[in-house]
2 protein chains.
Amino acid sequence: MDEEEVNRPLVLVHRPPNFHFPFRHRLATQFNLFDPLDSPDSTRSSLLCRHAHNIRVLLCVYSTPVFSDLLSLLPALELIVGSTVGVDHINLPKCRRRGITVTNVGVAFSEDVADLAVGLLIDVLRKISAGDRFLRASSWAKTGDYALGSKLGGKRVGMGKIGSEVVKRLEAFGCIISYNSKRKKSAIPFPYYPDVYELAVNSDVLVVCCALTEETHHIINKDVMTALGKEGVIINVGCGALIDEKEMVKLLVCGEIGGVGLDVFENEPHVPKELFQLDKVVLSPHCAVATPECFDALEELIVFNLKAFFANKPLWSMVNLE
Amino acid sequence: MDEEEVNRPLVLVHRPPNFHFPFRHRLATQFNLFDPLDSPDSTRSSLLCRHAHNIRVLLCVYSTPVFSDLLSLLPALELIVGSTVGVDHINLPKCRRRGITVTNVGVAFSEDVADLAVGLLIDVLRKISAGDRFLRASSWAKTGDYALGSKLGGKRVGMGKIGSEVVKRLEAFGCIISYNSKRKKSAIPFPYYPDVYELAVNSDVLVVCCALTEETHHIINKDVMTALGKEGVIINVGCGALIDEKEMVKLLVCGEIGGVGLDVFENEPHVPKELFQLDKVVLSPHCAVATPECFDALEELIVFNLKAFFANKPLWSMVNLE
């Protein structure tokens, strides 16, 4: 290692074993990456302890848990740069107490997630995947006209959390937006419901895109789904466990909700088999952010935040720890 | 028939045999509907001839041909109220010469068609139907991560004809619009290409939504598709014969174009079987306007135009016969 390399800012890489991220090489030209998994198992802890007091930044690759004990090991830690949207794998209360900043990559992902959310919604309402299946089964010539869909315009869409990119798109289709969140946000011009149940009562569609926390686990429960009603549609691009999946399957099978478009599931890659028989269901293999453009944006955002931190410049996409 | 009924304005109903339209009853309360198909075959011609000089308005149900000989029979005809978007089943040159106004229902259909066009585009780019198929085949747990899609934002979308509802939606996704039509339209702020080939060269996506005429038959030919390129996507919500389907199938099979989303086909309900094997293809059974909301809007538009005509008020959705 030459002098220039030694003088690069130190970044602790925290990643799952056997998981490599494609822009490591690019980062290594600008930062002194310290990745304990590069060293043999036997020397890992002592190595980490030796460098711990110098580590100001941790790059958390994928959803690698950042538990209390790891944070305790790192007295100088100031920043955790996450590479996911959800950060429930990080001990946020301890970060708050310690004054450690956490960034996620919501900004890099929001457009692609919004595209998929809207795509799933059009698909459920206009039966696109089911229509495609209908044609591939050569049923058109045999059975004639296909089922009617339902128009997007005029649908009352309740957002589980306001996502400006989703809203921008849905407004262009003439949808009517309202939202739920912990607190009413004065900057948001749409009707606010403090309670998800009330949001469901007043919506034709629920778009679920909030982060998974203890509070939001199964936030879409049987009561909420029943309140949404027999024509109601749920789109989930957030996290599988935001919906009580077992109840959802029952309600779908007996026709108590109108349809769902799901990019996420409670127990991935397991998908409840009952859903495979239903045309009112559109299933997507957790690919809301699976575009090359999205991966590029993720890389740019992480590099930006690492450089900004060491240059004392403002960071992007900081997680609100309040 | 009482006096009030006789005094209602006379409207000639021109429909296919065995095709009934659901709002006939509603129309019958406001207009004196003269439907030759209600009478026995033997008396039909003489009945029509007897009333012909009084007929100022013809309601053309579905794509029933309005040939020159029918127009010649109706010397007093001033208006043909169509119930479709395309009006290539009507002898338009003769209408122009005779000064007969023709209305279509483009206005009633444009939102639903735009929704489906955008839905098909998201589906092709983000592989929604293919992903749904992947999950229903229980492949996720077996083969792991699914294929990458492609982001909508930044895609250069060439419109075969400017459709303001499509444009409004695509702009919300960050797409970059340009268009082709016979003439540059000063009110439209997007780049204009007088030639479809040039439009394809400068586009990532072509959205085909123009009317079928002699000039637009196979307007998307092999050269245009090749110009669009290996990553290029075509969405057709217009009419099957706008695309040279045989060439399109060949180019898709050998990977010379990136994908297609088709609501219409050259020989419906026949769909080329080669397409059934391709994940880059999304097939839809001609259902761009198949929503109850759309049918309601169609009915409202037709009733509006019939009433407006007899009240000497301006009509909606007039076909430009120039």
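**Reading the packing of helices and strands**

Modeller: Let us begin with one pair of helices: H6(A) and H6(B) cross in a left-handed sense. Please bear in mind that this is a predicted model.

Biologist: At what angle do H6(A) and H6(B) pack, and how far apart are their axes?

Modeller: The angle between helix H6 (residues 106–126) of chain A and H6(B) is about 125 degrees, and the axes are 9 Å apart. The two helices are therefore oblique to each other, since an angle has to be over 145 degrees to count as roughly antiparallel.

Biologist: Which residues of H6(A) and H6(B) meet?

Modeller: From H6(A), the residues are Asp112(A), Asp115(A), Leu116(A), Val118(A), Gly119(A), Ile122(A), Asp123(A) and Arg126(A). They meet Asp112(B), Asp115(B), Leu116(B), Val118(B), Gly119(B), Ile122(B), Asp123(B) and Arg126(B) of H6(B). By class, this contact comprises 6 nonpolar, 2 polar and 8 charged residues.

Biologist: H6(B) also packs against H13(B). Is that crossing right-handed or left-handed?

Modeller: H6(B) passes H13(B) in a right-handed crossing. The axes of helix H6 (residues 106–126) and helix H13 (residues 292–310) of chain B come within 8 Å and cross at roughly 165 degrees; H6(B) and H13(B) are therefore roughly antiparallel.

Biologist: Which residues make up that contact?

Modeller: Val107(B), Ala108(B), Phe109(B) and Asp112(B) of H6(B) meet Cys294(B), Ala297(B), Leu298(B) and Leu301(B) of H13(B). The contact of H6(B) with H13(B) holds 7 nonpolar residues, no polar residue and 1 charged residue.

Biologist: How are H9(A) and H9(B) arranged?

Modeller: Helix H9 (residues 164–172) of chain A and helix H9 (residues 164–172) of chain B have axes that come within 8 Å and cross at roughly 180 degrees. That makes the pair roughly antiparallel. Lys168(A), Arg169(A) and Ala172(A) form the contact with Lys168(B), Arg169(B) and Ala172(B).

Biologist: Let us turn to strands. In what order do the strands of the open sheet of chain B lie?

Modeller: In chain B, 6 strands form an open sheet with parallel pairing, in the order E7-E6-E8-E9-E10-E11. Strand E7 (176–179) and strand E11 (281–283) of chain B stand at the edges with a single partner strand each, so one side of each has no neighbour in the sheet. On average, neighbouring strands of this sheet are turned by 15 degrees against each other, direction ignored.

Biologist: How many bridges join E9 to E10 in chain B?

Modeller: Strand E9 (residues 233–236) and strand E10 (residues 259–262) of chain B run parallel and are joined by 4 bridges. Within this pair, Ile235(B) has Gly261(B) of E10(B) as its bridge partner.

Biologist: Finally, the backbone. Where are the cis peptide bonds?

Modeller: One joins Glu268(A) and Pro269(A), with omega about 0 degrees. The bond from Glu268(B) to Pro269(B) is also cis, with omega near 0 degrees. Pro269(A) lies in the loop between strand E10 (259–262) and strand E11 (281–283) of chain A, and Pro269(B) in the loop between E10 and E11 of chain B.

Biologist: What is phi of Lys127(A)?

Modeller: Phi of Lys127(A) is near 60 degrees, a positive value in a residue other than glycine. Lys127(A) is in the loop between H6 and helix H7 (128–136) of chain A.

Definitions and conventions
Residues numbered from 1 in each chain as written. Chains lettered and ligands numbered in written order. Predicted model: local features only at pLDDT ≥ 70, side-chain atom pairs only at ≥ 80, totals over all residues. Heavy atoms only, no water. Pairing = 2+ DSSP bridges. Axes fitted to C-alpha atoms, helices over the stretch in contact; angles between N-to-C directions. Parallel < 35°, antiparallel > 145°, perpendicular 65-115°, else oblique. Left-handed = near helix turned anticlockwise from the far one by under 90°. Contact = heavy atoms within 4.5 Å. Nonpolar A, V, L, I, M, F, W, Y, C, P; charged D, E, K, R; others polar.
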